[in-house]
Amino acid sequence: MLSRTADHLFWMARYTERAENTARMLDVRVQYSLMPQSVQAEQQGWRTMLSVSELEAQFDAKYDALTQKNVLDFMVRDPDNPSSIASCLRAARENARAVRGTLTTEVWETENTTWLVLQKHLSERMFERDPGQFLEWVKYRSHLSRGVTLGTMFQDEAFNFIRLGTFLERADNTARILDVKFKFLASDTIQEGAQGEYYYLAALLRSVSAFETYRKVYRHAITPTRVAELLILQGKMPRSLVACMAAVVAVLQDVRNELSHDTERLAEKLHASLKSAEINEILDEGLHEFLTKFLACIGELGNGIGRDFLLPVAPELPEVVPVLAPTQSQTSSQTSSQTQTQSQTQSQTQSQTR
């Protein structure tokens with residue numbers, strides 16, 4: 001498969017997954033804001049949500065007040081925010097359009113229809129009138145895209161790069177949510193053991209569709225330790241870190257090439273460290289420190305995947321003996337090399353965008 005095709009498929013999946021995760025965080029935050037709480041606690045909750053995507057500075061530079069209306073506007077439709085739902089779905093659709101011939105008709109129509117209907121919802125300000133319904137729609141379209149991919153795509157390299165993008169993005173988002181939410185939980189805003197802690201942890205679980213799963217696995221009161229264990233170490237939980245990394249390792253084994261040994265090894269080490277970990281060891285080390293290291297490894301892994309599979313590798317050119325004037329063939333070779341370098345730079349720019 002051409003590296004450019006793999007790049008479009010990989011980022012189509014990542015942006016679709018990112019839009020869903022943004023919708024999940026917003027939906028839970030909107031619901032939690034209905035609970036009795038102080039103005040300070042509500043504002044801190046919205047700021048916590050912005051910090052998950054590292055967008056606090058960008059938001060503060062554009063908006064005067066930290067309100068639900070402004071955060072929804074910024075995280076749903078702002079074209080200058082690369083992690084807004086509109087930006088993610090637009091990028092997913094454009095990446096799908098670039099490789100339309102590689103996708104099944106159903107996958108392409110799902111991505112395209114999502115983008116077209118989104119324009120209608122945004123023009124009608126649906127996310128302000130009924131944010132819950134709008135965010136459920138975004139999650140549903142992501143589920144539909146994933147289901148259509150599983151149900152119609154031939155399971156070749158194209159399918160594998162879509163899955164690789166999905167699970168890498170999911171691991172990154174789950175780790176970010178855990179890190180930021182637990183830092184907020186440890187603050188003075190929520191008292192340990194208070195009723196507010198239960199609702200906060202329940203909201204965290206719902207943000208990753210894990211509330212019912214928690215009840216099935218533990219059958220006990222919701223505690224921070226068990227929530228962390230479920231979302232980090234439970235291999236049967238689809239959005240846990242260990243489950244995401246197991247899927248990444250499996251896909252990398254299917255698409256491996258002569259350049260990918262180090263990237264595979266890094267993924268396998270990260271997966272093995274999660275499989276052998278105990279939640280008490282992680283908490284003794286410090287959950288924030290553990291998740292910070294994990295996110296650094298995910299970033300390194302993403303760079304390795306881009307280097308080994310997604311970015312075109314420039315061929316080694318023979319050494320040219322300098323002459324007074326370049327020949328026609330040398331001029332043509334230099335032009336080709338410059339064009340390839342420009343293409344490689346564009347791909348690197350997309351890979352680094354978050």
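1. Rings of Phe, Tyr and Trp (its six-membered ring) are treated as a pair if their centres lie within 6.5 Å, with planes under 30 degrees apart counted as stacked, over 60 as edge-to-face and the rest as tilted. On that basis, Phe10, Trp11 and Tyr15 form one aromatic cluster.

2. The structure is a predicted model, in which local features need pLDDT of at least 70 and side-chain atom pairs count only at pLDDT 80 or more, while totals for chains, interfaces and linings use all residues. Residues are numbered from 1 along each chain as its sequence is written, and side-chain values use heavy atoms, with hydrogens and water left out.

3. Ten aromatic pairs are found in a search of the whole structure. In one of them, the ring centres of Phe10 and Trp11 are 5.5 Å apart and the planes stand at 85 degrees, so the pair is edge-to-face. Both Phe10 and Trp11 are buried (buried means under 20% relative accessible area, exposed over 50%, partly exposed in between, with a 1.4 Å probe and protein chains only). The rings of Tyr214 and Tyr218 have centres 4.8 Å apart and planes at 40 degrees, so this pair is tilted.

4. Tyr214 and Tyr218 are four residues apart in helix α11 (residues 211-218), and are therefore separated by about one helical turn. Helices (H or I, at least four residues) and strands (E, at least two) are DSSP runs, numbered from the N terminus. Tyr214 is buried at a relative accessible area of 0%; Tyr218, at 13%, also counts as buried.

5. Helix α2 (residues 39-52) has 14 residues and reaches 20 Å from its first C-alpha to its last, close to the 20 Å expected at 1.5 Å a residue; the expected span is 1.5 Å times one less than the number of residues. Its buried residues include Ala41, Trp46, Met49 and Leu50. The buried residues of α2 pack against α1, α3 (56-62), α4 (68-76) and α9 (157-185), contact meaning heavy atoms within 4.5 Å. Glu54, which follows α2, has a positive phi, near 55 degrees.

6. Two arginines are placed over aromatic rings, the criterion being NZ of Lys or CZ of Arg within 6 Å of the ring centre and within 35 degrees of the ring normal. The charged end of Arg29 sits over the ring of Trp46, 5.6 Å from its centre. Arg206 lies over the face of Phe211, at 4.1 Å from the ring centre.

7. The largest nonpolar core has 110 residues, of which Leu26, Phe134 and Ile232 touch the most other members. α9 gives the most to this core, with 15 residues. A nonpolar core is a set of buried Ala, Val, Leu, Ile, Met, Phe, Trp, Tyr and Cys residues joined through side-chain atoms within 4.5 Å. Not counting residues up to four places away in sequence, Ile232 touches Leu178, Ser240, Leu241, Val242, Leu274, Ile282, Leu287 and Phe290.

8. His8 belongs to helix α1 (residues 3-32) and is buried, with a relative accessible area of 16%. Beyond its neighbours within four places in sequence, His8 is in contact with Asn95, Ala98 and Val99.

9. Arg146 lies in helix α8 (residues 131-152). Leaving aside neighbours within four places in sequence, Arg146 is in contact with Glu17, Glu20, Thr166, Arg170 and Arg239.

10. Zero disulfides are found in a search of the whole structure, a disulfide being a pair of cysteine sulfur atoms within 2.5 Å. Cys88 is buried at 0% relative accessible area, and Cys244 is buried at 0%.
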